[in-house]
Structure formats: structure tokens, C-alpha cells
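Subject: Structure handover

Dear colleague,

The structure is below for you to take over. My notes follow it.

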Amino acid sequence: MLHWHTLMDYLPGLSTTSVIITTSILGAVISVAAKMGFFSSKNHMPVEGRTVLLTGASEGMGRSAAIQLAAKGAHVIIVSRNVGRLEEALADVKAAAKSPATQRFTYISADVSETGYAARVIAEAIAWNGGAAPDIVWCLAGLSTPLLWTDPAAPAAARHNMDVNYFGAADMSHAILREWLAPPSAPTTAANPEPKHIIFTASVVAFLAIVGYGPYTPSKWALRGLADTLAMELNLYPDTPVRVHVVYPATITSPGLARENQTKPAITHELEKDEPPETPDTVARRAIAGLENGNYNVTVSFLGDLLRCGIMGGSVRNNWLVDTVLGWVMSLIYFFVMRDLNGRVLGWGKKFGHPGLGERKA
């Protein structure tokens, strides 16, 4: 992905007046929004004493998120395939507990790419949790297999990416929503029940597609579509509040990145070279902050937030006024960004020739 300073490189091509006007508008909008109370300090996703289930939590961002939520007082269930890594991660989660004497932690081994896995995981979680479903479910399991689309391995990789990234999260959301939204046996006694939360983890490539991510990007765009659909559908259940969120990280230093780089085309490395990867701890911390702020689309950088505003469509807005103005600005910026990206890819092809005649891996 492009780093923020890359976007800023294009601004000198605009007139000074245009830049000043744009900056003034943004400043005024943010100022007005703040005065109108749009930037609330309320914690919209308190976790202390609540049970959080996280898939893909044996390493990377998922592991960091589980540790940080434990430090905030949550009971934590981590889910992944590898029992050995789960046991190691669970030890770190327990060590971070805010109240070790009262908090509870466990793991469940499962392969999110297997059809129907989620129903079993939720059933085990309910049994462990004293008959109560988790209050928050965060789908973090994912992988990326970057390849040029003409690579013979691309179709199979795309199916596997879709199975893990999309269907793994879709199955989990289906299982937990059926549990949360089942007709109650007795009316709720809470006047304002604390909402449940289902959290999907997409990627900034769901905002801006980059050459080389053909097997990966569609699975993350699909999560956006599912989340937007569920956000509307959940209005059918006003007595059982459920909040939907989508987190959009960029490059994260993790074992997953090392595996991704094994197949990543050289041109993809070239386009990403100016973006420094973030640590899992940093990305998890910013994501949790966005969730606590009540954001529907949760970005973890200013660049990610700009990209979000440039492709909102019918998605839920974090803030209608700010998002709309930034969307207008991004329409202008995208003209320069896409001209540059496509020009760099064209130049790469002319320099190195037909990819099928020896595409280099960086």
C-alpha cells in the first residue's frame, strides 16, 4: 500500500490556493464536529467482565488483541488451529490479566476454513462460559497469498483465501448471530442492555486494490459487503442490540507477512516499499481504540482513514459530516494516485518484460 507521504507528494501539483482551501475546509469541519459533540469520549465497547472470543489469535494481531483485551479485564477465548501456539499465546494472555483472580481464559482449536466449524466453536465457548454466549466476537483469522492473476496457482490460492478470510468470518458471524438473536425465552429486564459486538478484520486493500493481490483482495471486499448487509439487517432486532465493525489494517510485521512474502510478486514489493509495516501491538491497540470510539469502519492510520472516505458508497459512516468532506477531497487525490500507480506498473512491465517470461520475486 501507499504510505501517507506518497499521497502528499501529489499535492504540490495542485495550486497553493487549492491546498489552502482544502486544508481550511478540513480544519473547519473537524472543529465544528468537535463542538457538536461528534467526537465522544464514551467507551462504546467496554470489555471488563465480558467474554471475548477471537479467531486467529495464536499469533500476530490476533494474539496482541487478546493480550490487550485481557489487560482491560476481559474473559478471553482464543481460537486457532495449532494447539502448541495456542498454549503459548494463552500463557501470554493470562499473564496480562487485569484481575488474575477473577478473569478466565481458554482456547479452542479449530480450522476456520472448514465448513461448519463455527457452530462447534460457539457451542464449546458457551459450555465453558457457564451457558452464556460470548459478548464480543472478533474474527481475525486470515492469510494472504499474493500472486499475479496469470500465475497457474492463482485460482486455487483465491479459493483458499476466500475460505479462510471470508467464509471463516461469515460462518462465525452466522453462528454467533443465531445464538444472540434467538427468540428469548423470557423478556429482557435490562432497560439499556450493553450491545454485543461482531468484528470483522478486512484490509486497506478493500479500499484500494494493488497489483499482485488478486487472490486476496476479493475476500476482503466481500467482508465489507457482508458487514454492510448485516448492519442493516440487525435493525430487525431492536430489543437485542448488536454492533457490527470492520477493522482495516495495512502491513503488519508477523509470521503471516513472512509467509506472504514468499509468493509476493516483485512489482507488489515495489509499490509497497514506502510503507513501513506496523507491529501487531500497535495495530491491535489502534483497532481497539477505534472500537471503543464506536466506529463502524475502524482504520489504524490516517492514510487508511482517507482511503476509507474515498470509497464509502452505501457503507455506514463513522461521522457523516467529516466522512463526506474527506470523500470529496479523496476524489481529487485519487486522480493523481491512480495515475501514478498505473504509470509505475506500466513502466515496470516495459522494463522487465512479460511476467510469464521470468517474473522476479523480491
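Predicted model: local features only at pLDDT ≥ 70, side-chain atom pairs only at ≥ 80, totals over all residues.

Which residues does P195 touch, not counting residues up to four places away in sequence? They are R50, P241 and R243, where contact means heavy atoms within 4.5 Å.

Residues are numbered from 1 along each chain as its sequence is written, and side-chain values use heavy atoms, with hydrogens and water left out.

Overall

The protein has 12 helices and seven strands. Helices (H or I, at least four residues) and strands (E, at least two) are DSSP runs, numbered from the N terminus. Of the 362 residues in the protein, 48% are buried. Buried means under 20% relative accessible area, exposed over 50%, and partly exposed in between, with a 1.4 Å probe and protein chains only. Taking the contacts between residues at least 6 apart in sequence, 76% join residues at least 24 apart.

Helix α10

Helix α10 covers residues 280-292, which is 13 residues. From its first C-alpha to its last it reaches 18 Å, close to the 18 Å expected at 1.5 Å a residue; the expected span is 1.5 Å times one less than the number of residues. The buried residues of α10 are P280, T282, V283, A284, A287, I288, G290, L291 and E292. Their cover includes α3 (60-71) and the strands β4 (136-139), β5 (196-201), β6 (242-248) and β7 (297-299). After α10 comes G294, with a positive phi near 90°.

A287 is found in this helix. It counts as buried because its relative accessible area is 0%. Leaving out residues up to four places away in sequence, A287 touches M61, W138, V247, V298 and V300.

Loops

Two residues of interest sit in the loop between α2 (16-35) and β1 (51-55): P46 and N43. P46 is partly exposed, because its relative accessible area is 25%. N43 is also partly exposed, at 33% relative accessibility. P46 lies 7.0 Å from E292, C-alpha to C-alpha, although the two are 246 residues apart in sequence. N43 and N293 are 250 residues apart along the chain, and their C-alpha atoms are separated by 6.0 Å. P46 touches I136 and E194, not counting residues up to four places away in sequence.

P195 is in the loop between α6 and β5. Its relative accessibility is 13%, so P195 counts as buried. P195 and V242 are 5.1 Å apart, C-alpha to C-alpha, and 47 residues apart in sequence.

Cavity

Rolling a probe the size of a water molecule over the atoms shows where empty space is left. A cavity here is a set of points, on a 1 Å grid over the protein atoms alone, where a 1.4 Å probe fits but cannot get out; lining residues have an atom within 4 Å of a point. Grid points are joined across faces, edges and corners, and a volume is the space filled by probe spheres set on the points.

By this rule there is one cavity of 30 Å³ or more. The largest cavity holds about 60 Å³ of space. Its lining has 13 residues, of which C139, A141, V164, N165 and A169 lie nearest the centre. Both α6 (154-180) and α7 (217-233) supply at least two residues of the lining, and α6 gives the most, with four. The lining divides into eight nonpolar residues, four polar and one charged. Here Ala, Val, Leu, Ile, Met, Phe, Trp, Tyr, Cys and Pro count as nonpolar, Asp, Glu, Lys and Arg as charged, and the others, Gly among them, as polar.

Annotation

The unreviewed UniProt entry places the feature "transmembrane region" at residues 12-34, 198-216 and 320-337. UniProt positions are given in the numbering used here, feature names are shortened, and annotations may be inferred rather than shown by experiment. In the model, residues 198-216 are 0% helix and 21% strand, with the end C-alpha atoms 22 Å apart. Residues 320-337 are 100% helix and 0% strand, and their end C-alpha atoms lie 24 Å apart.

Regards

Definitions and conventions: 1 Å grid on protein atoms, 1.4 Å probe; cavity = no way out; pocket = protein on both sides within 12 Å on 5 of 7 lines; lining within 4 Å.
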